[in-house]
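Colleague: Hi! Could you walk me through this one? I'd like to ask as we go.

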Amino acid sequence: MTAQEPSRCQALTARGERCRNPAGPGGLCALHRRRLEAAAATEAGNGADPGALAPFLAWAEEALEFLRRRLLGEYTVDEFGHDPDLVEHVLAPLLRPLYRHWWRVEVRGLEHVPDEGPALVVGNHAGALPFDAMMVTLALLDEHPARRSLRVLAADLAFTLPVVAPLARKSGNTLACSEDAERLLEAGELVGVFPEGYKGLGKPFRDRYRLQRFGRGGFVGVALRTGAPIVPVAVVGSEEIYPMVLNLRRLARLFGFPYFPVTPTFPLLGPLGAIPLPSKWVIEFCPPIPTADLGHEAMLDPMVVFDLTDQVRDTIQQTVHKNLLGRRGVFA
Amino acid sequence: MMARRILVTGAARSTGRRLVAALAEEPEVAAVVAVDHREPPAPFPAKVEFLDTDLRSPALVKAVESAGIDTCVHLGVSAEPLAAGGRTTMKERNVMGTMQLLAAAYHAPDLRHLVLKSTTAVYGSAPGDPAVWTESMPFDTPRHGFGKDAIQVEDYVRSFDRRRSDVTVTVLRLANQVGPTVDNPLTRYFELPVCPTVFGFDPRLQFLHEQDTIRVLLRATLGPAVHGTFNVAGDGVVLLSQAIRIAGKPPLPIPEPLVGSVAELLRRTVDFSPEQVGFLQYGRVADTTTAREQLGFSPKWSSPHAFEDFAASRLRKLVTQEQVTTVEREALATLRRAAGWLGGGTRPGGAR
């Protein structure tokens, strides 16, 4: 047992990236070593040729290797609890069908998100459950050329609920507080924030696509202090997944939730009613607003903070309206 | 360099014994006064004078004043209520003991340096906490147990710092220690046959290898004196679920409403104080940049490596790496045979 970092596997993955698994004997991880052995066995005529089932076999191999890693604890999480191994093999594959087939998400303006270095992605928030945050995250992971992980700042409730709390951290979220946001940005991460918070998630259906107050502009302060650019992102589609006609405030208080939504199907149809509607989604990233050149005095000037907050909010509101007009129908 | 005369409290406990032995080996150390209220299991080396006394006794005051002590290393804060003979005694020893020690130190003419071994437990464990604690962040005072004692001890040390400006005060907030020999409630927890967890929670933990504990204490005691408070922990974090898997133990998730009664059981078996259950639910991570930059200390063991070393040297694994690897290899071989049989047969032009 040594105290040094374990060396990484020398092989390349299917995507052509350096394999991230720890290396064993021969400088390869268990997966790639076995692949090499299997290939050698096939060549020597010992192993049977899987033929048409080769892709399935490769998948099973990766799944088994993943299970082995999880069972033995051979993976790393960062100091915020982000677990890229779990995201890549479990969480993202679970969300992908929703992204591709249910909501048919269309992404625009990915070029406005930098390939590396910090940026604060600020979006509108709606739809009772934070699916919009998950879809924006998946859009950046799957479709951005640099496959960036968005580190979303989540509400405190996400970290007190059992089962949800560890998943929130493992998928890369952290608590919405300026300490965490600044630490992530200083480390060069892409941070996502939805300043409307519960006011956006829990607003009635009649207020759809009308952005709520943008908190107290805390996100602008964070961007100014770290000099990270702000990238506004407008999400169209999330407003229709759970059309909330009523908010049962008393029931919500009983459970300790910020709101208790009643939709035409929920809670009427029970768990079936909790299936989100298949609206058509458009996610558009807008041109970044630089903050680094505003200087040190800017963050002490409440006027600058207010103006920037309004500028970001207006950009998102206008983009939402533009994309709403461009959409053929809610479910088209 | 002047010959050093060092007083160490809590010297009979595992960390204390190893620090005293390491100090006694240093040529620049002329004498070590080892203080504890109980006998060490083995006698100390030659340079060491053992003072079998409680921190609250007048003998200590005399020792600090008369022995020409230049450095005081206070390790005597305990996290184990059962071992101390009850929570009241533990609090009494921790807080009153520190007050007495500092009162004596206030009148020690040659004292130049005070090192306090504190803990990251001062930050508490709550879902609304920042993900990573730096030393300067304000934190809510833990309301009971070891964390509360540790904060009160730190407070007394800070007020001592203000009154004796000629003494350099170094406060080390250590993460949970693991290693081949160290014995504390958390190591005993992982030595249980199953590890009870709070259902639906998976806290982030940091570990400090016992060798690094001694290294940082030696650095703070013998190196250039640095004033300040420093978090000390191995790099990286380990999730509780991950630690339990590395330990090769089955986890036992307890639903939140039942946690209280299981905690009571844990309290009796591994000597957990109540706030440590919160630690197993929400965890805690501290930033170690200041220790690196100002104290010049970087741990040799990362948190995962420290834990692996502890697990490899101390724990009897129920699930071993060989077992898992064998099962995986066999499953894969079966699949490959099945695929070869099915896929090879249906392939056009294949061997029929």
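Colleague: Leaving aside neighbours within four places in sequence, which residues is A:V222 in contact with?

Modeller: A:V222 is in contact with A:L120, A:S178, A:A181, A:E182 and A:L185. Contact means that the C-beta atoms, placed from the backbone, lie within 7 Å. Bear in mind that this is a predicted model, where local features need pLDDT of at least 70, side-chain atom pairs count only at pLDDT 80 or more, and totals for chains, interfaces and linings use all residues. Residues are numbered from 1 along each chain as its sequence is written, with chains lettered from A and ligands numbered from 1 in the order in which they are written.

Colleague: How far apart are A:V222 and A:E182 in sequence and in space?

Modeller: They are 40 residues apart in sequence and 6.1 Å apart in space, C-alpha to C-alpha.

Colleague: Is A:V222 buried or exposed?

Modeller: A:V222 is buried, because 25 other C-beta atoms lie within 10 Å. The cut-offs are 20 or more such atoms within 10 Å for buried, 12 or fewer for exposed, and partly exposed in between. A:V222 sits in helix 8 (residues 218-226) of chain A. Helices (H or I, at least four residues) and strands (E, at least two) are DSSP runs, numbered from the N terminus.

Colleague: And how many helices and strands does chain A have?

Modeller: Chain A has 10 helices and 9 strands. Of its 332 residues, 39% count as buried.

Colleague: How do helix 3 and helix 4 of chain A pack?

Modeller: Helix 3 (residues 84-102) and helix 4 of chain A pack at an angle of about 100 degrees, with their axes 10 Å apart. Axes are lines fitted to C-alpha atoms, for helices over the stretch in contact, and angles run from 0 to 180 degrees between N-to-C directions. The two helices are therefore roughly perpendicular, a label for angles of 65 to 115 degrees. On the helix 3 side, the contact is made by A:A92, A:L95, A:R96 and A:Y99, and on the helix 4 side by A:M134, A:M135, A:L138 and A:L141.

Colleague: Changing topic: how many residues does each chain bring to the contact between them?

Modeller: Chain B brings 44 residues and chain A brings 37. Helix 13 of chain B gives the largest share of the chain B side, 16 residues.

Colleague: What classes are on that chain B side?

Modeller: There are 21 nonpolar, 12 polar and 11 charged residues. Here Ala, Val, Leu, Ile, Met, Phe, Trp, Tyr, Cys and Pro count as nonpolar, Asp, Glu, Lys and Arg as charged, and the others, Gly among them, as polar.

Terms used:
Contact = placed C-beta atoms within 7 Å. Parallel < 35°, antiparallel > 145°, perpendicular 65-115°, else oblique.
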